[in-house]
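I opened this entry to look up a few packing details. My notes follow in the order I took them.

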Amino acid sequence: MELQRGNEQLETLNQTLNDPEELKKYKEAGDHYDPAPLPRLLGAWLVWWGNIVYGREPSYLKFRAVEVIARVPYHSWGSAAFTLLTLFYSNEQKAMHLSKVATYARLAGDNETMHVVVISGLAKNEEHAGVVRHTLVPMLFAFFYFCWSYILYFVKPRYSYDLNYMFENHAFEQYSRFLETHGEELQKKPMHSEFLAWYGRHPRTQYEFFLSVRNDEIIHRNTSIQEINCR
Ligand SMILES: [Fe+2]
Ligand SMILES: [Fe+2]
């Protein structure tokens, strides 16, 4: 069986967001969302630690750590939906909802996997990665994040989506800043990645690649709110 590739609908939306006006409209639709205090605190704590360990400014290795951690909530939602489905086999409405959650979690998780695989490849050519700071610490963060995201989903799914909203918003801001500050040099760097081509994306330069990742992150952020609203 083949692995999950990029979803056509999400890919079309991603390309639409290359237009600054479309991006502005789409972003503003989710800007005023107000996460609950507990996920807000956890999200802020995670971002604060990330800034302490990897610096406030974006870099290839900071992105790699961000992406290792960003996959986790989707995995936790898929796991939580799987667990809850065992309790609601006889409730078709509930089962349908949980199946939709699991499908989206798989799509978004695969999208984050693409980010981490491709960015790890780019980082190898740009910066030296220490084992503790760039492998062990992101894994510990990811483990911490998985536990909270999974537990919060059972306590109140909205809290888990709120936490993801916080993290994805941070990721979007970091990629936007990277494009602003490194745009010129990224335009000159050609993009080659077998994994990315298999996924179905064909950016010509690193600039185009990071633009598409930035768009993914704002889609992930806004989709968290949509998940809350359709519950
Ligand atoms: Fe990502
Ligand atoms: Fe994301």
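I checked Leu38 and counted 15 other C-beta atoms within 10 Å, so I logged Leu38 as partly exposed; a buried residue would need 20 or more. The model is predicted, and I read it as such. I placed Leu38 in helix H3. I then took the C-alpha separation of Leu38 and Leu163, and it came to 8.6 Å. These two residues are 125 residues apart along the chain.

**The nonpolar core**

Next I looked up the largest nonpolar core, which has 45 residues. Leu163 is among those with the most contacts inside it, along with Ile69, Trp77 and Phe210. I listed the helices that each supply at least two residues of this core, among them H3 (37–54), H4 (60–70) and H10 (206–229). H8 gives the most to this core, with ten residues. I followed up on Ile69. Leaving aside neighbours within four places in sequence, I found Ile69 in contact with Pro138, Phe141, Ala142 and Tyr145.

**H5 against H6**

How do H5 and H6 pack, and at what angle? I read an angle of about 155 degrees, with the axes 8 Å apart. H5 covers residues 72–85 and H6 covers residues 92–126. Over 145 degrees counts as roughly antiparallel, so I noted H5 and H6 as roughly antiparallel to each other. H5 passes H6 in a left-handed crossing. On the H5 side, the contact residues include Tyr74, Trp77 and Phe82; on the H6 side, they include Leu98, Arg106 and Glu112. By class, I recorded twelve nonpolar, three polar and two charged residues in the contact of H5 with H6.

Technical notes
Residues are numbered from 1 along each chain as its sequence is written. Chains are lettered from A and ligands numbered from 1 in the order in which they are written. This is a predicted model: local features need pLDDT of at least 70, side-chain atom pairs count only at pLDDT 80 or more; totals for chains, interfaces and linings use all residues. Axes are lines fitted to C-alpha atoms, for helices over the stretch in contact, and angles run from 0 to 180 degrees between N-to-C directions. Helices (H or I, at least four residues) and strands (E, at least two) are DSSP runs, numbered from the N terminus. Angles under 35 degrees count as roughly parallel, over 145 as roughly antiparallel, 65 to 115 as roughly perpendicular and the rest as oblique. A crossing is left-handed if the near helix is turned anticlockwise from the far one by less than a right angle, and right-handed if clockwise. Two residues are in contact if their C-beta atoms, placed from the backbone, lie within 7 Å. Ala, Val, Leu, Ile, Met, Phe, Trp, Tyr, Cys and Pro count as nonpolar, Asp, Glu, Lys and Arg as charged, and the others, Gly among them, as polar. A nonpolar core is a set of buried Ala, Val, Leu, Ile, Met, Phe, Trp, Tyr and Cys residues joined through C-beta atoms within 7 Å. A residue is buried if 20 or more other C-beta atoms lie within 10 Å of its own, exposed if 12 or fewer, and partly exposed in between; C-beta atoms are placed from the backbone.
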